[in-house]
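My entries follow in the order of the look-ups.

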Amino acid sequence: MVFEDTIVVAQRSVGGLVVVAASGGEPKVLTKVDVAARERTHRWPAALPGGKAVVFATQLSGGDYDDGILEAVDLASGKRTVIHRGGAFPRWSPSGHVLFARKGTIYAAPFDPGRSL
């Protein structure tokens, strides 16, 4: 995901997200999986309005993506906010919702990044 001259990506199939300048350079850790909380991977980062945060999905060990945790992370502080439990592939909608997939269906959860982060 590229925005504001920043790329946010999951580099590996297991692990957290990293950020790197669009012009290049060394990736920096944005999120780390919490092994004690059974986190396996952070996936599908997508920009939120204003370019200061992204939404992503957390998959738990022993679970599938449909049972993921949808979160937002502030790019400056690294603070994570849970948006919804149960889903994958989150995307923000200008309607004020995070859209996500679960078991072949698209859902919408209310989310205001200006108030929630």
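Entry, strand pairing. I began with strand S5 (residues 39-47), which pairs with S6 in the antiparallel sense over six bridges. I take strands as DSSP runs (E, at least two residues; helices are H or I, at least four), numbered from the N terminus, and a pair needs at least two bridges found by DSSP. Opposite Arg 43 I found Ala 57 of S6.

Entry, source notes. This is a predicted model, where local features need pLDDT of at least 70 and side-chain atom pairs count only at pLDDT 80 or more, while totals for chains, interfaces and linings use all residues. Residues are numbered from 1 along each chain as its sequence is written, and side-chain values use heavy atoms, with hydrogens and water left out.

Entry, cores. I listed nonpolar cores, that is, sets of buried Ala, Val, Leu, Ile, Met, Phe, Trp, Tyr and Cys residues joined through side-chain atoms within 4.5 Å. Buried means under 20% relative accessible area, exposed over 50%, and partly exposed in between (1.4 Å probe, protein chains only). The largest core has twelve residues, including Leu 48, Val 55, Leu 70, Ile 83, Phe 100 and Phe 111. Strands S6 (53-60), S7 (69-74) and S10 (97-102) are the elements that give two or more residues to this core. S6 gives the most, with three residues. Apart from this core lies another, of eight residues, among them Ala 10, Leu 17, Phe 56 and Val 73.

Entry, Ala 109. I noted that Ala 109 belongs to the largest core. Leaving out residues up to four places away in sequence, Ala 109 touches His 84, Gly 96, His 97, Val 98 and Phe 100; contact means heavy atoms within 4.5 Å.

Entry, positive phi. Most residues other than glycine have a negative phi. Phe 89, in strand S9 (residues 88-93), has phi near 50°. Phe 89 counts as partly exposed because its relative accessibility is 42%. Lys 103 has a positive phi of about 50° and sits in the loop between S10 and strand S11 (105-110). With 55% relative accessibility, Lys 103 counts as exposed.
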